[in-house]
Amino acid sequence: MAEPTERSQEYMDSTEKLDRGATAPTKEGPDVTDSVATSVDVQTVLPHEGRESVATVAKRIEITDLNLYYGSFHAVKSVNMTIQPNKVTALIGSSGCGKSTFLRSLNRMHELVPGGRVDGAVIIDGQDIYASNVDPVAVRRQVGMVFQSPNPFPTMSIYENVVAGLLLNSRKTKKPALDEIVERSLRGANLWNEVKDRLDRPGGGLSGGQQQRLCIARATAVEPEVLLMDEPCSALDPVATLAIEDLIQQLKANYTIVIVTHNMQQASRASDVTGFFNLEQSGTPGQLVELDTTETIFSNPANKATEDYVTGRFG
Amino acid sequence: MSTTPTTSTDAALTAGVPTPPRRPGDRIFSGAATAAGIGILVLLAGVAIFLLQEAWPAIKAAPEDIPGGTGLVDFIAPLAFGTVLGAVIAIVLAVPMAVAVALFITDYAPRRIANTLSYVIDLLAAVPSIVYGLWGIAVLGPAALGIQTWLADHLGFLPFFAGPVSTTGRTMLVVGVVLAVMILPIITAVTREVFARTPRIHREGALALGATRWEMIRMTVLPFGRSAVISASMLGLGRALGETMAVAIILSVSGVVTFNLISSTNPSTIAANIALDFPESSGLDVNALIASGLALFAITLVVNMAARAVITRNEDASR
Amino acid sequence: MSALDLTATPPRASLVRGSLPSWGPRGLTIGAAIVALGLIAATDVNAALVLVSAVVLCGVGLYAWSRAVEGARTATDRGVTFLVSSAFALAIAPLVSLLYTVVSRGFARFDYQFFTESSRNVVGAGGGASHAILGTLVITGVATLASVPIGILAAVYLQEYGHGRLKRSITFFVDVMTGIPSIVAGLFAYALFALFLGPGIRLGVIGAVALSVLMIPIVVRATEEMLKIVPNHLREASYALGVPKWRTVVKVVLPTALGGIISGVMLAIARVMGETAPLLITTGAFSSVNLNPVDGRMQNLAVFAFNQYKNPGVQREPYFDRAWAAALTLIVLVMTLSLVARLIQRRFGTETR
């Protein structure tokens, strides 16, 4: 019953730790055993044990035989892939090939679409997120998402937008702790300097690029393990796009990032691994055709269709 | 025959395309349109002027000539009290219900049912008030007898339920409930439409942060629809204030001023009083009734203005 | 520079969470319903009271159960779901009861005679409402003929021509007009005619004027909304062809919005058709057919229903039956109108967007 208080206590603890962490960052790199340890149920772990084990929170995602449907329409067919932690994985492919649908299935957003149905397994850190006893709300908390067009909540201030996700879980987080998280998240999103004087202004008053960075700050404030980005730059101008791409490079130190993009250059610039989605003809389900390091995909792809697509000889 | 860019309603249009020169056809057509617009102003001025003119004899008449014999204010005040009382009961009951029904349709009901439901609600918003009145006196009044007795027995210490309970069910409480049932579809229809227009990207943004359905609604749908709920409620309040037949057919009136909602002596409302007395009135009585109608007009006007002020303020704030 | 120093993170909940069995909420609700209905059937306690306590207990129980198993947030979510659903059920119940009552009671006299005979010289059973039905049609028709041109033209002015103070004040006063109580509209129409034709005057056309006052703002609003969503590129395309503005409005803008305007007009008709109060004080009551709006009293369905119910004869049932049949006729008329209007709206609404 006292869960919220417990949680906020833990938050306080962890933000104290964050302070120290900021002065002496300890980078241990991606370590699978470490990250497994972080997923131990909060109720069974003492606070300080929780702190011990969190060098990185990025998670590996294993997808086996994933099929996605809209009603009777088969949108994505049997995807098998592993998404590496602390890497940026770009998903490319023509419109309608199911890459966004696939992305939305990684944090159980796909099932929110009327008729949306998922078949197969998405295993994050040893746990199938589609297992029957898994709470989709908990999944979405650990797998953050940034959308195509910036969507800060229009009725909330910049500050409120950043803490929106946090307050859902721990209403009693103290103001100083919140302030700290807001500053850290906004700094992390390279937005702090631009908005620090107007945190109480509505988020909708920012420029498109700033709004999108605000949304990234909002997503990272809850400290997810995975960050999904659905064409995050498609509504932005080139300068804002570059800012976001830089940010993505910084963020991958702490997160597993999956980004859907239509922009070939963006995929080649910003990602470590690239997956190419394609469909044989319209009406058939999309498939993952090829998955390799970005370098390979763009220089020496194994598949003819991939080559045609990345070189612009599409179709 | 010169171009007048300012006559164009749309700035973008003016920038892109020069307004064509004013041909005779243009002049005639825009003249007719303008005349219609001005006609509405004239009509409304007419409403005010003719009502004032017909009410004037009652306003300047000696107090003893007014029905009741103690002046116009004493004649209208209890009626205005009854009007506001019934409408307030209705709005207190109807608004939370309407918000719940709207949310149920937009966010809780399965999609296929939801479409049918919103259709049905829209249809119910068109049901004539006389039908609500008939239903109130024939069905709800008798059915509410038990509850009203229970209220008097257990909550009788509250002035609202002091009793003694009317045995006919023709009480202010029943009127309030009927008015609530009547304005519920109206408030729901407006509210539902706005709730449904909450941008999907905001809903998904909240869900992607790990919000439960209710948290998503609280973060996005309710703030988005707040001013719509207010304006819809004011629309409903206006309807309830001006509602005539449901009250005229149900309420057993005796011109008292009381907060006792369940007894057989109730204040009448302005509108119901006009409907009941007007056909048999003549002379100064008619003027007094028209004066009371003017008062009702003023009350609804104030409500509408308040609603508009609230909406404008909200819109400014959310910008 | 490390932008994010997330060297420490709060320990997090696992994805797996205790959850109620999938039958949980439904089972609890059905269980509570069975117990409540059993209590009502077996004992003579107040049925409404039992139902209310059953709903409250069921909701509290569900919340407590969920809170114990699933935690506070999910419990709140479930609690609100239960609250919204039961509020919906509670709100919809009277509306269902209303429709059921009108249909079941109205059918007693929903017969041939009701539609073909007037109630001239009818005392007790028998008679019909043909005079009221015809009166309703005539009064509403005259009101429609008066309001639709004014309403549409005024909307065209506001949307296509209006500017400055005149536009603002017309917009404002149309809003004011929307809020006029129907009885006040009746008083106005009466006051207007009484001035010229003397006090005590009752004519069909006075009722039509009253209804017009109610109808015009609805037509203006609906038309304005539809004109607003006519895409500007259509206007521009027409101007680019050298078409004068008025022809653009008449030939391009209005036809594009036509579906929406028609449905708006039909909804306005549906709205005023069932009006009782303004007609009660302007057209009076009459028991014979009168088709001339400028000569003598005129009956209409709503007032007919009211009078039958309010002033029944010695034997009340036939009067009540006629009132309900009139109510049913009204509902059928109004609902058909709104249904057709919505269908038109649905059909054309997508085209203009």
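Where is A:Glu231 found? A:Glu231 sits in the loop between β7 and α10 (238-251) of chain A. Hold on to that residue; I will come back to it.

Ground rules. This is a predicted model, where local features need pLDDT of at least 70, side-chain atom pairs count only at pLDDT 80 or more, and totals for chains, interfaces and linings use all residues. Residues are numbered from 1 along each chain as its sequence is written, and chains are lettered from A and ligands numbered from 1 in the order in which they are written. Helices (H or I, at least four residues) and strands (E, at least two) are DSSP runs, numbered from the N terminus.

Chain A, then. Start with the open sheet. It has 6 strands, in the order β6-β7-β8-β3-β9-β10. The pairing is mixed. For two strands to pair, DSSP must find at least two bridges between them. At the edges are β6 (143-146) and β10 of chain A, each pairing on one side only. From one strand to the next the twist averages 20°. Axes here are lines fitted to C-alpha atoms, for helices over the stretch in contact, and angles run from 0 to 180 degrees between N-to-C directions.

A helix covers part of this sheet. Helix α9 (residues 208-221) of chain A lies across β6 and β7 (226-230) of chain A. Its angle to β6(A) is about 175°. Contact means C-beta atoms, placed from the backbone, within 7 Å.

Now β9(A). Of its 6 residues, 6 are buried. Buried means 20 or more other C-beta atoms within 10 Å of the residue's own; exposed means 12 or fewer; partly exposed is in between, with C-beta atoms placed from the backbone. A:Val273, A:Gly275 and A:Phe277 point one way from β9(A). A:Thr274, A:Phe276 and A:Asn278 point the other way.

What does β9(A) pair with? On the parallel side, strand β3 (residues 88-92) of chain A, over 4 bridges. A:Ala90 has A:Thr274 as its bridge partner, and A:Thr89 stands opposite A:Val273. β9(A) also pairs with β10(A), in the antiparallel sense, over 6 bridges. There, A:Phe276 stands opposite A:Glu290.

The loop between β9 (273-278) and β10 (287-293) of chain A holds A:Ser282. Buried or exposed, this A:Ser282? A:Ser282 counts as exposed, because it has 8 C-beta neighbours inside 10 Å.

Strand β1 (residues 61-70) and strand β4 (residues 116-124) of chain A pair in the antiparallel sense over 8 bridges. In β4(A), A:Val122 is the bridge partner of A:Ile63. β4(A) also pairs with strand β5 (residues 127-128) of chain A, antiparallel, over 2 bridges. A:Ile124 has A:Gln127 as its partner in β5(A). That hairpin has 2 residues between the strands, and A:Asp125 takes a positive phi near 60°.

Two further positive phi values. A:Ser78 is not a glycine, yet its phi is near 20°. A:Ser78 is placed in strand β2 (residues 73-83) of chain A. A:Ser78 is partly exposed, because 14 other C-beta atoms lie within 10 Å. Back to A:Glu231: its phi is positive, about 45°, and it is not a glycine either. A:Glu231 counts as buried, because it has 21 C-beta neighbours inside 10 Å.

On to chain B. It has 12 helices and 0 strands. Its C-alpha trace spans about 70 × 60 × 35 Å along the principal axes. Of its 319 residues, 54% count as buried. Take the contacts with a separation of 6 or more: 78% are between residues 24 or more positions apart.

Next, chain B against chain C. The contact takes 81 residues from chain B and 86 residues from chain C. On the side of chain B, helix α2 (residues 24-60) gives the largest share, 20 residues. By class that side has 52 nonpolar, 22 polar and 7 charged residues. Nonpolar covers Ala, Val, Leu, Ile, Met, Phe, Trp, Tyr, Cys and Pro; charged covers Asp, Glu, Lys and Arg; the others, Gly among them, are polar.

Last, a bent helix in chain C. α10(C) bends by about 60° at C:Leu258. The bend is the angle between axes fitted to the seven residues ending there and the seven starting there. Of the 29 residues of α10(C), 21 are buried.

Conventions. Two residues are in contact if their C-beta atoms, placed from the backbone, lie within 7 Å.
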